[in-house]
Each structure stands twice: as C-alpha cells, then as structure tokens.
Amino acid sequence: MSYNILGKYIKELNFNIPNPETFFLLSKNIANYKINIDIKSSQVKQNIIEIITTLNLNPIKNDFEKIDTKIVYATVVELKNEKIEKNEMEKIILIDVPTKIYPELRKIFVFLFENSGFKDVKISETVDFQKLYKLRKVQ
C-alpha cells in the first residue's frame with residue numbers, strides 16, 4: 001500500500017426533514033430516493049491529501065419533497081512515495097480510500113435515519129468503487 005490514513009472526520013453533516021408531511025411521505029416512499037456519492041480531493045501539504053467523500057439522498061423524481069441529508073466525510077492521507085503516477089493517485093483517491101471508509105460512512109448515515117424514525121432504509125452495504133472508476137474513465 002502506498003498510503004496511510006492519518007485521520008478521518010465528519011466535515012459537514014446536514015439532516016433536515018422540513019415538516020411532518022415530508023417525514024410521512026419519506027417513510028412511505030423511501031424507495032423513490034437514491035444515494036449519490038461524490039469524491040473530491042485536495043493537497044494539504046507535500047505528500048498529504050484530503051479526500052472528501054460526500055453521501056447524500058436525492059429524490060428520483062422531481063415531484064417528491066426534498067429532504068436535506070448530506071454527510072461530507074474527510075479522510076487525510078499521507079502518500080508514502082513522492083513520485084506516484086497520476087493513474088495510481090487516481091486509484092488511491094477514487095477506489096482504495098473510498099472502499100476502506102465507506103462502511104463507516106454508511107453506518108453513520110443509517111444511524112441518522114434509524115434514529116429519526118426510518119427503520120427500513122436500504123443503503124447498499126458495499127459500493128464497487130472499481131466499477132465506478134472504470135465507468136468514469138469511459139465517459
């Protein structure tokens with residue numbers, strides 16, 4: 001492995017259900033929402049990068065009330081080698097680190113829903129970040 005995870009933390013957390021009607025609609029129609037995952041990175045210092053993984057829930061159709069659910073999860077990573085090729089760096093940022101931190105991120109997201117009265121939230125236990133990476137390369 002050509003990196004070490006130095007730290008992980010919740011950078012931003014939004015969980016807002018605007019009113020009781022939205023709560024009840026969401027309870028009945030949770031399947032009409034989908035999970036979106038976004039990954040960004042920035043250099044903090046020489047050989048240290050911050051990888052930002054954002055997880056949020058959005059309605060599939062526009063006629064559903066929008067709730068504001070978003071977790072921005074930061075992972076601070078130290079690269080062991082100064083001369084990592086661009087391709088390997090992309091794989092660390094878009095595959096390796098997200099694969100490693102996703103179970104923890106999912107656990108937090110599910111915890112929020114379950115403790116807000118939503119017992120049947122189905123959020124995939126695994127995400128194939130390798131597959132998403134390959135799809136991104138094709139586009």
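## Close-up views of a predicted model

**View 1. Asp-38 and its polar partner.** A polar contact of 2.6 Å joins the side chains of Asp-38 and Lys-40. The model shown in this and the following views is predicted. Asp-38 sits in strand β2, which covers residues 33-45. Its relative accessibility is 35%, so Asp-38 counts as partly exposed.

**View 2. Asp-38 and the residues it touches across the sequence.** With neighbours within four places in sequence set aside, Asp-38 contacts Ile-52, Thr-53 and Thr-54. For one of these residues, Thr-54, the C-alpha atom is separated from that of Asp-38 by 5.0 Å. Along the chain, Asp-38 and Thr-54 are 16 residues apart.

View 3. Helix α2 runs over residues 86-114. The helix has 29 residues. From first C-alpha to last, α2 reaches 40 Å, close to the 42 Å expected at 1.5 Å a residue. At Pro-98, α2 bends by about 45 degrees.

**View 4. Glu-90 in helix α2.** Glu-90 is part of helix α2. Is this residue, Glu-90, buried or exposed? Glu-90 counts as buried, because its relative accessibility is 15% and the cut-off for buried is under 20%. Not counting residues up to four places away in sequence, Glu-90 touches Ile-95, Tyr-133, Arg-136 and Lys-137.

**View 5. Phe-15 against Phe-113.** The structure holds three aromatic pairs. One of them joins Phe-15 and Phe-113, with ring centres 5.0 Å apart. The two planes stand at 80 degrees, so the pair is edge-to-face; the cut-off for that class is over 60 degrees. This pair links distant parts of the chain, 98 residues apart. Phe-15 belongs to strand β1 (residues 3-16), and Phe-113 to helix α2. Phe-15 counts as partly exposed, because its relative accessibility is 24%. Phe-113, at 1% relative accessibility, counts as buried.

**View 6. Phe-109 against Phe-113.** The ring centres of Phe-109 and Phe-113 lie 5.3 Å apart. Their planes are at 75 degrees, so this pair too is edge-to-face. Phe-109 and Phe-113 are four residues apart in helix α2, and therefore separated by about one helical turn. Both Phe-109 and Phe-113 are buried.

**View 7. The phenylalanine cluster.** Which residues do the ring pairs link into a cluster? They are Phe-15, Phe-109 and Phe-113. Strand β1 contributes Phe-15, while Phe-109 and Phe-113 come from helix α2.

Methods:
Residues numbered from 1 in each chain as written. Predicted model: local features only at pLDDT ≥ 70, side-chain atom pairs only at ≥ 80, totals over all residues. Heavy atoms only, no water. Helix = DSSP H or I, 4+ residues; strand = E, 2+ residues; numbered from the N terminus. Buried < 20%, exposed > 50% of the residue type's maximum accessible area, 1.4 Å probe, protein only. Contact = heavy atoms within 4.5 Å. Phe/Tyr/Trp six-rings, centres within 6.5 Å; stacked < 30°, edge-to-face > 60°. Expected span 1.5 Å × (residues − 1). Bend = angle between axes of the 7 residues up to and from the residue. Polar contact = N/O pair within 3.5 Å; in protein donor to acceptor, adjacent residues only side chain to side chain.
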